[in-house]
Amino acid sequence: QVQLVESGGGLVQAGGSLRLSCAASGRTFSSYAMGWFRQAPGKEREFVAQVIWSGAGTSYADSVKGRFTISGNNAQNTVYLQMNSLSPEDTAVYYCAAAPAVATFSYTYWGQGTQVTVSS
């Protein structure tokens, strides 16, 4: 069984920064991509950023472009999300996800989430 564990969430003032971390443990697997998603109260879960290890690079939601940076280590199945210039609209539970290297691209493994709260 694969577990993803996020850390680094917390309370920050608007304009501040946070760095989220995610590490995989348990059964060894090869990931094709890892990403971050978030869910704000009363809203559906939405895509934030992802990194595709094969060289396709990174992609971001328009709402976070220029403020958030995703990075990580393919061999260790770790991923980070550096969040700068945070605003109250970024308040959400942030989830890490991993897509195993199989025929169909799908985020199969999910973490439990870490709360990010941005105060105005």
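This is a predicted model: local features need pLDDT of at least 70, side-chain atom pairs count only at pLDDT 80 or more; totals for chains, interfaces and linings use all residues.
Visitor: Why is Asn 77 called buried?

Guide: The relative accessibility of Asn 77 is 6%, and buried means under 20%, so Asn 77 falls in the buried class. Asn 77 sits in the loop between strand S7 (68-73) and strand S8 (78-83).

Visitor: What makes the approach of the Asn 77 side chain to the side chain of Ser 31 a polar contact?

Guide: The two side chains are 2.7 Å apart at this contact, and a polar contact requires a pair of N or O atoms within 3.5 Å, one able to donate a hydrogen and the other to accept it, so the pair is counted as a polar contact. The side chain of Asn 77 also reaches the backbone oxygen of Phe 29, at 2.9 Å. Both Phe 29 and Ser 31 are among the residues that Asn 77 touches once residues up to four places away in sequence are set aside, a list that also includes Cys 22, Ala 23, Ala 24 and Met 34.

Visitor: Why does Gln 3 count as partly exposed?

Guide: Gln 3, which belongs to strand S1, has a relative accessibility of 33%; buried means under 20% and exposed over 50%, with partly exposed in between, so Gln 3 is classed as partly exposed. Leaving aside neighbours within four places in sequence, Gln 3 is in contact with Ala 23, Ala 24, Ser 25 and Gly 26. Gln 3 and Arg 27, 24 residues apart in sequence, have C-alpha atoms 8.2 Å apart in space.

Visitor: How do you know that Thr 114 counts as buried?

Guide: Thr 114 has a relative accessibility of 11%, and the limit for buried is under 20%, so Thr 114 is assigned to the buried class. Thr 114 lies in strand S11, and a polar atom of the Thr 114 side chain is 3.3 Å from the backbone nitrogen of Gly 9. Beyond the neighbours within four places in sequence, the contacts of Thr 114 include Glu 6, Leu 20 and Tyr 94.

Visitor: Which residues touch the most other members of the largest nonpolar core?

Guide: In that core of 29 residues, they are Trp 36, Leu 81, Met 83 and Tyr 94. Several strands each supply at least two residues of this core, among them strand S1 (2-7), strand S4 (31-39) and strand S11 (114-119), while the largest share, four residues, comes from S9. A second, separate core of six residues includes Ala 33, Phe 37, Ile 52 and Tyr 107.

Notes: Residues are numbered from 1 along each chain as its sequence is written. Side-chain values use heavy atoms; hydrogens and water are left out. Buried means under 20% relative accessible area, exposed over 50%, partly exposed in between (1.4 Å probe, protein chains only). Contact means heavy atoms within 4.5 Å. A nonpolar core is a set of buried Ala, Val, Leu, Ile, Met, Phe, Trp, Tyr and Cys residues joined through side-chain atoms within 4.5 Å.
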